[in-house]
Each structure stands twice: as C-alpha cells, then as structure tokens.
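Okay, thanks for having me, everyone. Let me put the model up and walk you through a few spots I picked out.

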Amino acid sequence: MDSSTPPLPPLGSIILAREGLTGLLLPGLSVLACLIATVIASSILLPYFNDPYKLRAYPGPFFAKFTSAWLSWIIGHNRWSETVYHLHRQHGPIVRLGPDNVSISDPSALAAIYGHSSGALKSTFYDAISSIRIRNLFNTRDRAEHSRKRRIEAHMFSPRGIRALEDTARVHFQVLVRQWDTLCAHTDKAIRGSAEGTIGTVHWKVHSGRVWFDCMPWFTFWSFDTISDLAFGHPFGMLEAAKDTAKISKSNIKGMQAISQGNSHSDEAELELEEIPAIEMLAEHLDIIVSLAFLPAWLQPIVGRLPSVRYGYDAAPKLAGLAVAAVANRFASKTKIDRADMLSELLRGRDEDGKPYGPEELSAEAELLIIAGGDTTANSSCATTYHLARNPRIRAKLQAELDAALEGIDSDVAPYDAVKDLPYLDAVINEGLRLHSTIGAGLPRVVPPGGLTVLGQHLKEGTVVSSPLYCLHRNEVVWGENAHEFYPERWLEASADAKKEMMRSFAPFSVGPRACLGRNLALQQMHIVLATIFHRYNLVLESDAPLPLRDGFVRKPKNCVVGVQRRK
Ligand code: HEM
C-alpha cells in the first residue's frame, strides 16, 4: 500500500459516524417535512373553510373544492371540454371547477359574463399564454391597453380589409389543390389497384379506387402558410414541402436588434436561422402552458421543469422566433414594406397619440396572428370535413349546391363571391363550428368590483367565472334531441323564434369586446376551402370511428384519414 494513502477507518467508526449524522439529520428532516405539510395543508384547507368567494354551495368534483390542480390535471389529460360537459349534465347549470372558479352553462351567461356591459376582465389564466415579454391583443388583461390595441388592429380585420387579402390567400388554395391532384393521380397509376408512398412527410396509399391520406396535416400546412403570408408577406412553405417546417431566428435578442436597426444592406436580415416543426411545437406548447395556467404563477415554472412537459414548456422562445425572424426580414427589406398584408397594417397602425408599435410589441402581435389564426381555422375546417366525409346524404346535397353555384366558373379555387351566400354551405359551416366547438372551453373571466349576477346568482368580486362554449353548443333544450348529430338542416328549418334561441347559444368566436377579431377571415377561408374541396373531390372516411381529438384550449383533431377521388 502507498504510504501516502490514509488508512481506512475501522468499520465500527464508520457506522458510528453514520448513526451520528442520521441522528442529526432525521429530526431536521422531520421538522422540514412537517413545515411543508403545514404550509400545503393551510394553503389548501384555510381557503376551503374560509370560503372567501362563497362557492361552497355549488356542486362539483371533490378535489376542485380544495385546489386548482384538479382542473390542471383534467386539461393536461386532454379532457377539458368533455369533462366540464359531463359535470354540467350531472350537476346542472352551475358547477364549481376550483376553489375560486365556477362554470355556468346557460345561454344567458354568455352576455352576462362576456358582454360589453359585464365589466369582467380576462383572468390570470391568460398570463401563462405568452412567449414574448410584451403582451399582445389576446393576452393583455388591462382594459385600456386592450382598447388601444384593438383600435389599431380592428380595421385590418374588417370585411373590406379581409377582401383585400383574398388574392394573396388564393395562391395557397391553388397549391393545396395541386398537391391533392398529384395524390389523386396515383389512383390511375396504381398497379393492380394498390400503391403507397409519401409526399414530404405525409403518407398515402391507394386502394378501392381512392387515394387515402390524413387530411389534418394538409389543413394545417394550408392554414399556416396562408396566415404567415397574410401576416408577414412570406409563407412558411409547408404546403410545397408537405412538411411541418418553419425558419426562425436562432437568437431573439439579435432578431430584435435587427428590427430596431432596420438594416437594409440586403433583402433579408442578417440573422442565423434554424428550422423548427412549428405546428407540432405550437400544439405541444399550448397544451402544456394551458394545463399549467390555472396553477399559481410561482408553481408553473417548477412544474414546467418536469421531463414530461419540458419540451412544450420551453418552446416559447422558439415560437417567438417565428415572428421575430419574419418582422426582422420585413424591416431589412424596405421594398416589401408597402405590400398589402397585415404586417404593413400593423406597421402603419398608430394609437391616438400617434405612437406606432415598437419592435417587441410588433413581434408579439405578429406572433399572435399565427397562433390565433393558424390552428383554429385548420381544426375547424378539418372537423367539418370529417362530418361531410362521414355523411353521404349531406355531402351530396352540398355538392349539388356547389355544382350549381360554380357552373361555368373556370377556376380550380372557388371564388369567395360565388360561395359566400350559399344557404346550405353556410349551414354546413355553422354546424361544423357548433358541433366541433374549436374553442370549447369556458374562457375564464374575473368578477369585477361590486360582484356580478349570473343566472340569478350573485358572484363575489375576484371569483373566476366562465361559460363553456362546448356545453352551450350541445344543450338539448336549445338544439333538440339531435344536438349531438351533424345536421346542417337545423339552421334552415328552425322557426324565427327557435333560430333566435339558437343564436343566443351559438358563440364559436365568443361574444363582446374580447370576441374573435379574425372571425371574418376565418369564415372567408372556411367557405373557400370547403367549397373548393367538395366541388372538386369526393371524400369518404376510412372508418366510422369518432374523430380523435386533443381537447385542450383548442380542440384539435389528431388525425382524419380520408379516401379521395377527383369529381371534376
Ligand atoms: C374558425 C376559426 C377561429 C375560431 C373558432 C376562433 C375563436 C376565437 C375565440 C373563441 C376567441 C376568444 C378567446 C378568449 O376570449 O380567450 C378568439 C379571439 C381572438 N381571435 Fe380567433 N378564432 C378563429 C380564427 C381566428 C383568425 C383566423 C384570427 C386572425 C388571424 C383570429 C384572431 C383572434 C384574435 C386576435 C383574438 C383576440 C381578440 C381580443 O382579445 O380582442 N382568430 N378567437
């Protein structure tokens, strides 16, 4: 043995030392454990017994009485709207969803909670939904800040503003049709009636005289390319590549600097870029932050470190990078500033003091357009397509209407003017929005000082209250026994009184001062895409199974495999 190596201590002394340590550690740990248990117990039990919002009388799940973690758990497991729906069926129109949170499912609740005179503002839930430090139109909770932003942005979403973007949007319908035509051509080339392959990342196969593929990615590629082109003047290029891919700035700090400097040495900002799967990342990110959003703010970043949620939680800077790169490129290229798109409108926008948006605020608003506009339109179009592919009678009736309206029009893409007032197409779109309820959850608001009376119940200031759209859209009292069926005729057959009741319960874009700003654009896009697809192709489902969904803040189809054949 090396003489410099200290001799090993006798075994007995190691045991004694350990016991000494344990003797010291154990009482310390027990005190700490007791302290933690006391803090947790008092933060859960005290509010329950004090009942500061006077919600104890309302029924609901046992754990919801004590902690908002119950609702987080439900959202995290993709069961938000469905769970709240079943709770209302079980308990009636008022259900407690958390220690300070109540859900009211009644048509009168919509105006009372979200209407112009309600006074209820967005809750802290919206603080979690931001990837850029500065707030955007959607997540700002301050009334004055919201009014300022809404004034700046409202006219670009007016019917006239949207019509001005139609030519830009048309290009992406054409690419969608070209890609689907290429897929359909495989049917003729298939040897002994079968073949398979991939285009980009989307798999297809031919059998039974049709080409079969998942149409959900195609709707998202189309919608994200359209909105990125309308918003930034540059599509992501997903449709052409048939792949979920977008370029972002590697460093948002450098991106912001490039925006501030507005360098114009070249046509593009000198930024290091990287490619990300933007749609997948956005979906993961939204799922995670929304499921954590009802937890206390200090707890969210701690839970966000867990390995199972880290990828989605940490995606925020990358998603911000989408907008930062696009805005930086736009600033670099002075020539493109005058292009007719939303970024030009945002750049021109001034508040009443003549102040324009700064670089960070501009990026925050541009990012919002992608997040709010891309996913929602794609999900609504895909869900409506699912119901049409599932119902041959309804599909044939729609196709007869489209054939008559588009006869003699020499265009692969249905012109909006030709399809915007078709009664059956309108009914199909309303029915798709009703039954699917793309945003189906109750949008949380805070009861203002002085309280709020909803459905005869006085709610105390500070209570979080919502009215779930999915439940209102499936209320059998309003929609009848077939409320769960896709039945567009209900919109055409209803008496004037019944229609009035239906409209009181129908709010796919929400109502009041925080209602969807992109409604006109979404409806225009849905009219054109559904008319174009169902006029040109016949679509059927592979199986009659229910549409698989991620049921979070946005109800997103996971996939929708259809068999497609050219009609024209
Ligand atoms: C079918 C498609 C769409 C549906 C179902 C939908 C639904 C909604 C709903 C329910 C809200 C209220 C959210 C809340 O209070 O938390 C909302 C807000 C908003 N939506 Fe949409 N939306 C759609 C498409 C779009 C599009 C295409 C855009 C723009 C590109 C857009 C932009 C916005 C904005 C900016 C807000 C925030 C408005 C504010 O707070 O003042 N939406 N949307």
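If you skip its neighbours within four places in sequence, Gly349 is in contact with Ile152, Lys355, Pro356 and Tyr357, where contact means heavy atoms within 4.5 Å. Gly349 sits in the loop between helix H15 (342–348) and helix H16; helices here are DSSP runs of H or I with at least four residues, strands are runs of E with at least two, and both are numbered from the N terminus. Its relative accessibility is 5%, so Gly349 counts as buried. For the cut-offs: buried is under 20% relative accessible area, exposed is over 50%, and partly exposed is in between, with a 1.4 Å probe and protein chains only.

Quick word on what we're looking at. This is a predicted model, in which local features need pLDDT of at least 70 and side-chain atom pairs count only at pLDDT 80 or more, while totals for chains, interfaces and linings use all residues. Residues are numbered from 1 along each chain as its sequence is written, and side-chain values use heavy atoms, with hydrogens and water left out.

Now the whole thing. The protein has 24 helices and 16 strands. Its C-alpha atoms fill a box of roughly 95 × 70 × 65 Å along the principal axes. Of the 568 residues, 52% are buried. And if you take the contacts with a separation of 6 or more, 73% of them are between residues 24 or more positions apart.

On domains, the assignment gives domain 1 (21–50) and domain 2 (136–439 + 508–566); those bounds come from an automatic or database domain assignment. The C-alpha centres of the two are 49 Å apart.

Which protein atom is the donor to the iron atom of the ligand? The only one is the SG of Cys516, at 2.3 Å. A donor here is an N, O or S atom within 2.8 Å of the metal (3.2 Å for Na, K and Ca), and water is not among the atoms, so sites may look incomplete. Cys516 is in the loop between helix H23 (496–505) and helix H24 (519–536).

While we're at H23, look at Ser505, which is in that helix. Ser505 is buried, at a relative accessible area of 1%. Not counting residues up to four places away in sequence, Ser505 touches Pro107, Leu472, His473, Val478 and Trp479. Pro107 shows up again in helix H4 (residues 107–114), whose buried residues are Pro107, Ala109, Leu110, Ile113 and Tyr114. Those cover an arc of only 150 degrees around the axis, which puts them on the same side of H4; the arc is that of the directions from the helix axis to the C-beta atoms.

Over to helix H17, residues 392–406. At 1.5 Å a residue, its 15 residues should span 21 Å, and the end C-alpha atoms are 20 Å apart, which agrees. The expected span is 1.5 Å times one less than the number of residues. Buried in H17 are Ile394, Arg395, Leu398, Gln399, Glu401, Leu402 and Leu406. Down the axis of H17 they fall within an arc of 165 degrees, so they line one face of the helix. Their cover includes helix H16 (359–390), helix H18 (416–419), helix H19 (423–436), H24 and strand S13 (537–541). Lys397, also in H17, is partly exposed at 37%. Beyond its neighbours within four places, Lys397 is in contact with Tyr424 and Glu489. Just after H17, Gly408 takes a positive phi of about 80 degrees.

Ser208 has a phi near 55 degrees and lies in the loop between strand S5 (202–207) and strand S6 (210–214). Ser437 has a phi of about 50 degrees, in the loop between H19 and strand S9 (445–446). Buried or exposed, each of them? Ser208 is exposed, at 59%, whereas Ser437 is buried, at 1%.
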